[in-house]
Every structure is written in structure tokens, then in C-alpha cells.
Amino acid sequence: MALQSLDITRRSATTTPSPGVRETQKVAKLIDISKCIGCKACQVACMEWNDLRDEIGTNHGVYDNPLDLTDKSWTVMRFSEVEVEKGKLEWLIRKDGCMHCADPGCLKACPAPGAIVQYSNGIVDFHEENCIGCGYCITGCPFNIPRISKKDSKAYKCTLCSDRVSVGMEPACVKTCPTGALVFGSKEDMIQHAEERIVDLKSRGYKNAGLYDPPGVGGTHVMYVLQHADQPQIYNDLPKDPQISLLVELWKGILKPIMSLGLGLAALTGFLHYVTVGPKETEDD
Amino acid sequence: MASLAPTFGRGAMTNHWVDIKNANLILIMGGNAAEAHPCGFKWVTEAKAHNKAKLIVADPRFTRSAAVADYYVPVRAGTDIAFLGGVINYLLTHDKIQHEYVKAYTDVSFIVRADYTFKDGVFSGYNEAKRSYDKSTWMYELGADGYVKTDPTLKNPRCVFNLMKAHYSRYTPELVSSITGTPKEQFLKVCEMMAETAAPDRTMTIMYALGWTQHSVGSQMIRTAAMVQLLLGNIGMVGGGMNALRGHSNIQGLTDLGLMSELLTGYLTLPDEKETDYKAYIEKRVQKPLRPGQMSYWQNYHKFHVSLMKAWYGNAAHKDNNWAYDYLPKLDKMHDMLQVFEDMHQGKINGYFCQGFNPLAATPCKVKVGRALAKLKYLVTIDPLATETAAFWQNHGEYNDVDPAKIQTEVFRLPSTCFAEENGALVNSGRWLQWHWKAADPPGEAKSDLEIMAGIFLKLRALYQKEGGAFPGPILNLTWKYAIPSAPSPEEVAREINGKALEDLVDPKDKTKVVRKAGEQLDGFGQLTDDGKTSCGCWIYTGCWTEKGNMMARRDNSDPSGLGNTTGWAFSWPANRRIQYNRASCDPSGKPWDPNRKLIEWNGTQWVGADVPDIKLDAAPADGMNPFIMNSEGVARFFTVNKMGDGPFPEHYEPFESPLDVNPLHPKNPKAKNSPAARVFKDDLDQFGDAQEFPYVATTYRLTEHFHFWTKHTRLSAILQPEQFVEIGEDLAKMKNIKSGDRVRVRSIRGFIKAVAVVTKRIRTLDVYGKKVYTVGIPIHWGFQGVAKNGFIANTLTPFVGDANTQTPEFKAFLVTIDKL
């Protein structure tokens, strides 16, 4: 959901051009895992800003709560205890949520016109009033982010606070983060900030520190600073090289044109049939 | 705080939150700042990001702080004195101390009396029957001039330096490792990192909290760390200090305003029952300098005391009645939390007012507290929330298994406002009094605490007026000049606390000059007098509301020095000073130790700089006035003379419930296994569990998602951490066949709780004195009120034993057993 309308780059299942007279700067949220203390203030800020309250659940034997993303929890902290170096325990805490891919699999997969849009600032947003609840966005997402509400069968996920960003504010999670693990700005600035952080981490012995901005999805507008960028999978299964599902690419790249062609052919055949044979006539008994 | 004052002079965080960004090294031990102080922790990340600081975390658990640390070491719960005593030994044997600082600004050269001894773990003067010490031998040798004898060459075997060296020579790395379970190499690595900050231009800050306070030797744990900081020359320095992170947003305000049984405001003390003579009471507290040329600021005690009595009793306090000295209660004994519940348990208390306090949940041994409350005639709770204490008489199944029919206590619940529903000031850990403004009206019938207390007082006063009573004076004569007597405003009270001139005050140097006219607010505590011309509710807060207005409401964050020393933001006691003892940031000649972090300096005629100097402004360095102006010695104390209840040097004692049979430092003396002077009541002595039946070390703590027992009433917090759990390591889980998510029962000799098990690599098995020690971690936040899933009160498990100085209970180290359900 968002207020923006003049700066849309693309819309799901739509062939007409998107309204794009207003051009905006590419933005990004940078999540520095080396600074994150897992306080979950971002989870609270997210629920508060979006005026959502998840269920009061149960403890599953871990710190993660809610245990997974839901239609009301658009971000959750995922805690992993790992020993990258033998005997040196690390508690890696990753804030999970929509990555806002430059090449969004959800949008590509979505068959409902205008249910998913991408703004020129890079934010990928769901317009739930157009959602048909088919779940293709989940198939399309390489990060397993969208969740379908049991209440209204619509898909929900992080909006990167597109409503706040459109009026010049940072996302609610960024505003609330007490340690500066979350920062927000132009994508260019965030990459530069990440580079400085990586220099610091390398000086502290994290020789594989790096930025997570996966090229397989055209880069993302939510990026991570990882202490071990060579092994993103140790951060609670962050995909090493995320790609849009082959099915979606097939659907978009090959099958959809073929099927469109098929549809076109069928229409053409019908038309020719009409012209050559004439309208179907019902015979009176 | 009962350890910082005996060491440095004042009982509060030495530096402040923002200053942490200036540190080169940060030690978090006895606390978990990332978890319990996430907002303040930002200054740690600032120090790391912009000052290349390193962070060390030492804790029984790999905590959220450890998650972002450069170096983590495990340490067995309750053995921090052994660890830090080992650090002292390392620094002394490797000569890694800031020599010039230690020589000039501490008591190392002072000679201690010949009859002070320490033998088999017990200091001289011990009285076993009373479980306390006669502290008269814990004293310096005084010369005929009344000053302490010193040996600047440090050759005298009785000088503090040599006594300290001998005391900690026993804390070898091998023994430290054996007691604490910290692997020796890791312990030594921490020593090396700390030792680097002995350089004059490098500082370490130590951040700690209840993880040190809540032990039977809690005050001495803090003391040991304070000694490490003194050896390294890190007190009074930018980016240094002993930074006590207070557990509640206003708990610093609580101690400042004297809400402890033996205190008046501003750390003035109540007389005890033997002190019926006013002159003797004052003389005992007006401390004369113990070294020549020292300020010994408590010499002004009587000025603060008289001004306080004038604030309370106005014209009814005058010279002829010793400023209403007889109105003050005279203390028969400490009435701390443990003592009050002990007395209540013995049926000696009829009624109890419980204001902003949930003792059923917050006090050790819940069963005893519940039984004690059941012996009251009435209980009044003043709280914004429905607390477990107010519902102690209700049956909540296993969570509160009582029979309401058998409890006759009448409970009154007075709903109060919370902080966002009233104006006022909160005092943060860094001693800042920050004014806040009401954001919303309170719900329903809730009233502010001021209104509630005023209502009770006015009713009481009316009864005294009508019926007389045994001793009506203190009630009838209490000053109560508020615009609306039934609802004093926070602004009126704040002005009273600051203090004002009752008559015209003249400049002592030029009697023709009026400094403050009668009725005007005072500028600072230097203006207070002992002749009844000033009134002041809390001397250390003077300056918070002057003729210029509410200084606590200031919000100028300009920072010309770049050190984060924003003297235009709010008000910091004392005297708006941000870093205490900052005279020690300069060498004896008045030049900053570190020219790149210049806080104050001597400019030839006076002290100037980015902070309010903590020294007489015109005290020339050559005159030798030393930085610790509250101490009558002028210097900081390694040897605390008679200021601590359990010894002038910290010594490691085992927790009252320990997995070991002996104190490894004194294996042959069973009397030195636990702190000989810790607070234990007779009835509770048989309530300690032993390691045969209860083999695992338990420790209780907070989680970021919750604040004590309040936020389980908040839906958002309940969503983040909905259900009670306990944490155990993988080895113990395997032994007990427990998997993450299983339900378990944790039992101590005092009761049991049931919870979900979190099995984690973050709690390690420790090798301690020849045996394996397993730790059970117990978050405290659950109870049987609120919107989170109901749970057991964690303090069902904890022992009723307190520190010898603060009587703070030993919540952090006790014994339990655990079973899968």
C-alpha cells in the first residue's frame, strides 16, 4: 500500500505503460548484521507504524518470535548460533523481510494486473486491493517473503515504508534501531557506507566481510553487511545466489509469449472463422 | 553504589552514556548492556565504529552483548572477584599500571595500622555470632597532626600498595581459571587487552549492572573493577570510568533522593538510635581532611543537613531546637527489602504500602514473600498495573497455589499514572536529570503518585490535628505550601528540591554584595548555609531549577569539544558536571594526560575546559589539592578503611549456593567459603540447597523484549517474547535428554518453575576446580498477570541472602536441578 502514483516503473500483469513522470532517487536500506543486537525494536516499529498486531504465540525453543513472517509480522529476527572458526561461537542475528529486488520475482510472477508495483526509487510494493490471492508471488520470490492472510486471502509483506519514504522519511524500523545497525538512504550512499563498515570488519579479523547485494535478482534495495559474505547461508539460510524461479522465468520469458501467441492465434482463428464461415447460427427446431 | 562511594567518593556512574563513545576498550561484565540497555548501547557501537574501540564481554552466557563483541570469555556465575582480582595481580606483576596517576591520585602510599590482618579468608575484627566485623583495625596510621602517615617510596610493607600486592598475589592465572572456569589463555588475553589502557592516552570503560550488584559479594565485585580502573588510570578520564548502568530509568533518582532505609536525600544519612545528640551526629559526618590541603567536601555536611531540615520544616526548624533534629526518625536497624519481609514473615508488621513495586515477583523466595504478605492486616499497592503482589491472595493454579479463604489481608489498589501521563524528571544512569512532559491523560481513576501521597498525608494530618497522637510535631509542622495542597505539582516539588534563599544571601568575600535575595532560587550548593538562611530538598540537585528556570528542561545538544560533553542538555548532578573526578584527567601539573581528549586544564589562574571542573576552580596544581574531593584523603581508595561491611580489600567468596564444597582460595576454612558478613537470617540458613541435590548453577536475568514484570502487560512485548523459557547448554541437555522446545521443570530447595527449554551453544560447560559446572539461565519476566502467556515467578527459586553492604539479594548465582516433563 502506498501513496505514490506518479513514479511507478512497472506493474504486474500490465502491458500499458506505467505512470512515471516523476523520477526519484534509488533508495536502499542497509542492515549491518555486525551491529545488530537482536533487540527486535524493528519488529515493534513495523507493527506500530503499520498498525498491525500479530498473535501472542508460544516459545519454540528459540529466541525467534514470531517464529516466521506472517501477514502481520513483515519483519522478524532470525537467530543462528554458528562456529565459523572452531571454538569461536558467533550469534548471527539477521533481520528478515522483503529484499526489494531490482528484478522482482514476485512482480514477474503475479498474474493480477497492478497488484504488485515497483517504484522508480526501487521499492517493490503490494497493492492488496488488486491481489487475487493466488500465491504466485511466493513462488516467484527467491527469499520466501510474502505471506497470504487467512482473513482476506491477500498477500502481505514489507513495503519498505513506501508511505513514509514518499514523504521524505526513513522506514519505521530504521528510525527505531538503537545501534545504527539499520541505515537508509540513496543506494549509492548505502554502498559507500557498507564499504567503510567492511574495512572496519576486516580490521577486526573478519577477512570475508562483504556486502550482500545479489546480482541474480539485479541487486536489492535492502542489503546486508555480512561478517562472512562468502557464506550467506549460515545466516539462517540466506540464499547464496538467489535467482528468480525457473518456472517464473519460463512463464515470463518463454511460456507467456507462447501462451499469448496461443491466445492470439485462438482469437485470430475465431475471427477468421467468423469472417469465412460467418456467425454461429442456431437452428430453430 | 555502595562500592563506588567508598572508592571514589560519590556513589554514581562516573562518566555518562555519550562518553562511552570515547573509549578505546570497553569491558561489559556483570551486565548485558545490549540486552538490558539497548538504547545506551548505541554509544558502544559508536566507539567501535568511530574510535576503533574493542569490546570484551565476560559473562556466564554468550549474550546479545557478546554477539557484537570482539572478544568473549565465559566466567562462572558469582566468581567475578576471582577474575578481577586476577587482573589486579596481572597488572601488578607485569607492571602494567599508570604509575604517575596511581602515585598521585590514590592511597597506595598510605600506611595501614599494624593490627589490620587478613587470615584464612577472614579480616581482623570478625564477630561470628553477629556475622559482622568490628572495623576499627581497618584504618590508617595517623600522625600527631591528625594526617595519615605515608611512604611515597612505597617501601613500607604496611603501605596500601604492598598490602594490595600481597593480597592479590594469591590470584594466580591458574587459580583464577580454576575458580572461574575461564580458560587460562582467554583470561590472560583479556588481561593483556586491559593492560594496554595503562597508557595515559588510552582508556577503558567498564559497563556493569545488576550482574555484579545481585550477589552476596556484589559490592565487592564492583570494588574490584574500580581498583582495576584506578591501577590503569582510567577514572576521571574521557572514555574511562566505572559506568554503573542503572536497572530502572529512575533508580539513580531513587538513591539520590534517599529512598533507602538509612539515607536522607543527597546521601546524607539518618541518625541511628544511639545518635540522640545533634552535635555528635553532625561532628561524626563533617569529615576533616586526612591529608594536608585536601578539600574533603563532606566538611560542609551541616550546611546540607540544615538546609534540608529548613525545606521540610520551615520555621519549625530553628537553631534552638537543633533544626528539628528530634523530628528525624532514629534507625534501630536497616529496614531493607529482605529485612522488611523477614519482619513481615515474623508477623511484626501490620500494614504495608507498596508503591511502584511488585515484591511478590521482585523479591527472592516467592513462597516466603507470599506467606509474609498473608500476615498483614492490610496491603496498599500504588501502581499503574495490576501486579502479582496485589493479587497474591488469588489462586492461579500452579503459578500461585494459595487458598484465598485462609488469607485475611485486606488489599487496597490505588491506580497511579505512568511516566507518560505526568510531568517530571527522570535521573538516568549518567546522573542527568531530564525533564519530561505529559503526553496523555491517565485512564479511569488513576492519579499521580504526588496526588495519592498528598491525599494520604492530608488525611493523616487532619487525624493528628483532631486526635493529637503520640508525636504530632513532625506531621503537623511539615511544610506543605503547594498551590493545590491535595495535588502538589512536579514543578513545585522540583523547585523545593533545588532550594532557595530564605533571607538575603551576601557574598562572603564582599558583604555589601547580595548574591541571592530572599525567596530566590539558588544557583548551586556552594550557596547553602548552616544558619537557616537557605532551604534545599536535595543538595546534590541544587542548580536543577534556578532563577533562570528549569535547567532539566534544557535541550541544547551543541558539543563544541566533540567529546559529547553537552553541558547545555538537561542538568547533571553534581553542579552540571558530566565526568566526575575530571581533575584526574590532567597530570599533577594540570596538563591533560591525553592532549587529544582535553576535558579540562589549568590555565595558570584557574581550571577551565569543556566540562565543569571537579576541583576548586582556583586550586593551583602546585598546592596539591587532589581530584577525589569527596574523600577526606583527597585521593581514591584501594583500601576502603571502614567504609565497607565485608572487608577493605575485595576477596572472592563462593555464592551461598555453590557447586563447590570449599572456597578454592581457602579450602581449609569452611567459615570463609561464603562471605562471612553477608546478610542471612537464621530461618533462611537451612533454606540453602547443596550441590548433591541441586547440582546446576542457575542465574536469573532480563531479556531485551521485556522490562521486569511490567511489559508482559503490553501486547507488543508479549508478541516478541510470549512464553516463559529457560536456557541450558548442549551437554546438560544431552545428559537430561532435553531438546529445544521441550517443557522442563527447574527446581531449587525453595520451589519449582516449569518452562520451555531453549538448548543453546551459548551456555558452555565450564571446568571448575576439578569438576564440570553446568549453568541454567532463567529469564525473569513471567507471572500470572498481564497479556503474555502466564508463567511462574522466577523468584520462586532464588535464595533469601543479601550483600553485606547493600543487602541486595543473590539473584545471580544459586543452585537448581532440571528435569524434562
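## Basis of the model

Residues are numbered from 1 along each chain as its sequence is written, and chains are lettered from A and ligands numbered from 1 in the order in which they are written. Because the model is predicted, local features need pLDDT of at least 70 and side-chain atom pairs count only at pLDDT 80 or more, while totals for chains, interfaces and linings use all residues.

## Chain A

Chain A contains seven helices and eleven strands; these are DSSP runs numbered from the N terminus, with helices being H or I of at least four residues and strands E of at least two. Along the principal axes, the C-alpha atoms of chain A fill a box of roughly 90 × 40 × 40 Å. Of its 285 residues, 43% count as buried. A residue is buried if 20 or more other C-beta atoms, placed from the backbone, lie within 10 Å of its own, exposed if 12 or fewer, and partly exposed in between. Among the contacts in chain A with a separation of 6 or more, 62% come from residues 24 or more positions apart; a contact requires C-beta atoms, placed from the backbone, within 7 Å.

Strand 11 (residues 222–226) of chain A is mostly covered, with five of its five residues buried. Val222(A), Tyr224(A) and Leu226(A) lie on one side of this strand, and Met223(A) and Val225(A) on the other. Strand 11 of chain A pairs in the parallel sense with strand 2 (residues 27–32) of chain A over four bridges, where pairing means that DSSP finds at least two bridges between the strands. Within strand 11 of chain A, Tyr224(A) stands opposite Ile31(A). Strand 10 (residues 210–212) of chain A runs antiparallel to strand 11 of chain A and is joined to it by three bridges, with Gly210(A) opposite Leu226(A).

## Domains of chain B

Chain B is divided into domain 1 (4–247), domain 2 (337–465) and domain 3 (670–820), the bounds coming from an automatic or database domain assignment. The C-alpha centres of domain 2 and domain 3 of chain B are 25 Å apart. Across their boundary, 20 residues of domain 2 of chain B are in contact with 23 residues of domain 3 of chain B. On the side of domain 2 that touches domain 3, helix 15 (337–345), helix 16 (359–362) and helix 17 (366–373) of chain B give two or more residues. By class, that side of domain 2 of chain B has eleven nonpolar, five polar and four charged residues. Here Ala, Val, Leu, Ile, Met, Phe, Trp, Tyr, Cys and Pro count as nonpolar, Asp, Glu, Lys and Arg as charged, and the others, Gly among them, as polar.

## Contact between the chains

The contact between the chains takes 36 residues from chain B and 30 residues from chain A. Helix 3 (42–51), helix 4 (64–67), helix 22 (715–720) and strand 28 (751–760) of chain B each supply at least two residues of the side that touches chain A. That side of chain B divides into 21 nonpolar, six polar and nine charged residues.

## Nonpolar cores

In soluble globular proteins, nonpolar side chains tend to be buried together. A nonpolar core is a set of buried Ala, Val, Leu, Ile, Met, Phe, Trp, Tyr and Cys residues joined through C-beta atoms within 7 Å. The largest nonpolar core has 263 residues, and those with the most contacts inside it include Ile26(B), Tyr208(B) and Val746(B). Leaving aside neighbours within four places in sequence, Val746(B) is in contact with residues including Val726(B), Phe752(B), Leu797(B) and Ile818(B).

## Local backbone features

Most residues other than glycine have a negative phi, and most peptide bonds are trans. The peptide bond from Asn65(A) to Pro66(A) is cis, with omega near -10 degrees; Pro66(A) is in the loop between helix 1 (41–49) and strand 3 (76–85) of chain A. Trp573(B) and Pro574(B) are also joined by a cis peptide bond, with omega about -5 degrees.

Leu154(B), which is not a glycine, has a positive phi of about 60 degrees and is partly exposed, with 15 other C-beta atoms within 10 Å. Asn737(B), likewise not a glycine, has a positive phi of about 55 degrees; Asn737(B) counts as exposed, with 9 C-beta neighbours inside 10 Å.

Conventions. Contact = placed C-beta atoms within 7 Å.
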